[in-house]
Amino acid sequence: MRSSLSTLLPRALLCSAFLTALGFAASASAHATTPVVKGLCPSADVALTATNNDQIRGSMCLANTERTARDLSPLRENHKLHNAAQGHSSDMVRRSYFAHTAPSGATFVDRIVRAGYTARGDGWSLGENLAWGTGDLGTARGIHTAWMRSSGHRANILKPAYREVGIGIQAGIPKDAGVGATFTADFGVTL
């Protein structure tokens, strides 16, 4: 497993990981961020509230804008990946930590397998991006822009093999449940 902690940005923290099983190769892209038309993802600049989680999650269409600009297949939202991602975002805020591995020792692969997306003995490739932010960096656009400026996060977003994604967004950040938002994006493909 490759895991890297990216630089601490003002009001945001990022973390990415990916793991491949049964022969998928990891890939990265050096492409710059594709300009995204504001009307294309209308909730991308909206701050998370108690009632708009689905709306904000839907604005993560920014990743598909990047993918289609590079002739990659768009990602489909997967309910099981969403459950794994949402559970992890909520857990990080509730238990005040920020990592792919929970204090219990459960990894992102453990969470995705437990959610029923795949089994350990199957062929799969999985990735995870994490971030938290406040202010403009706590919006889908702020997080997406930061992810695209980080090679590990960008590699997950643009990995050609990935076909599905689950987005989990929780109000609050790991050190303060009263401000900002915490994002988890779980990427995957199964054979």
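Throughout these legends, a residue is buried when its relative accessible area is under 20%, exposed when it is over 50%, and partly exposed in between (1.4 Å probe, protein chains only). The model is predicted: local features need pLDDT of at least 70 and side-chain atom pairs count only at pLDDT 80 or more, while totals for chains, interfaces and linings use all residues. Residues are numbered from 1 along each chain as its sequence is written, and side-chain values use heavy atoms, with hydrogens and water left out.

**Figure 1. Overview of the chain, which has 6 helices and 6 strands.** Helices (H or I, at least four residues) and strands (E, at least two) are DSSP runs, numbered from the N terminus. Along the sequence these elements follow the pattern β-β-α-α-β-α-α-β-α-α-β-β. Of the 191 residues in the chain, 55% are buried. A contact means heavy atoms within 4.5 Å; among the contacts in the chain with a separation of 6 or more, 70% come from residues 24 or more positions apart. Accessible areas come from the Shrake-Rupley method with a 1.4 Å probe, and for residues only the protein chains shown count as cover. The accessible surface of the chain comes to about 8,400 Å², and carbon and sulfur atoms account for 56% of that surface.

**Figure 2. Helix α2 (residues 62-69) and its cover.** Because 6 of its 8 residues are buried, helix α2 is largely enclosed by the rest of the structure. The buried residues are Leu62, Ala63, Asn64, Thr65, Glu66 and Arg67. Their cover includes α5 (140-148) and α6 (151-158). Just after α2, Asp71 adopts a positive phi of about 60°.

Figure 3. With a relative accessibility of 1%, His88 counts as buried. Beyond its neighbours within four places in sequence, His88 is in contact with Tyr97, Ala99, His100, Arg111, Glu128, Leu130 and Thr184. The side chain of His88 reaches the backbone oxygen of Ala99 at 2.8 Å. Such a polar contact is a pair of N or O atoms within 3.5 Å; within protein, one must be able to donate a hydrogen and the other to accept it, and residues adjacent in sequence count only if both atoms are side-chain atoms. His100 is 12 residues from His88 in sequence, and their C-alpha atoms are 8.5 Å apart in space.

**Figure 4. The salt-bridge network of Asp91, Arg94 and Arg95.** Side chains of opposite charge can pair when their charged atoms come close. A salt bridge is a side-chain nitrogen of Lys or Arg within 4 Å of a carboxyl oxygen of Asp or Glu, and by this rule the count comes to 6 salt bridges. Arg94 meets Asp91 at 2.7 Å, N to O, and these residues, 3 apart in helix α3, are separated by about one helical turn. Arg95 also forms a salt bridge with Asp91, the closest N and O atoms being 3.4 Å apart; this pair is 4 residues apart in helix α3, again about one helical turn. Asp91 is buried at 10% relative accessibility, Arg94 is exposed at 58%, and Arg95 is partly exposed at 39%.

**Figure 5. The salt bridge between Arg111 and Glu128.** The closest N and O atoms of Arg111 and Glu128 are 2.5 Å apart. Arg111 lies in helix α4 (residues 108-114) and Glu128 in strand β4 (residues 124-133), so the pair ties together parts that are 17 residues apart in sequence. Both Arg111 and Glu128 are buried.

**Figure 6. The aromatic pair of Tyr162 and Phe187.** Rings of Phe, Tyr and Trp (its six-membered ring) pair if their centres lie within 6.5 Å; planes under 30 degrees apart count as stacked, over 60 as edge-to-face and the rest as tilted. By this rule the count comes to 1 aromatic pair. The ring centres of Tyr162 and Phe187 are 5.7 Å apart and their planes lie at 15°, so the pair is stacked. Tyr162 lies in the loop between α6 and β5 (164-173) and Phe187 in strand β6, so the pair ties together parts that are 25 residues apart in sequence. Both Tyr162 and Phe187 are buried.
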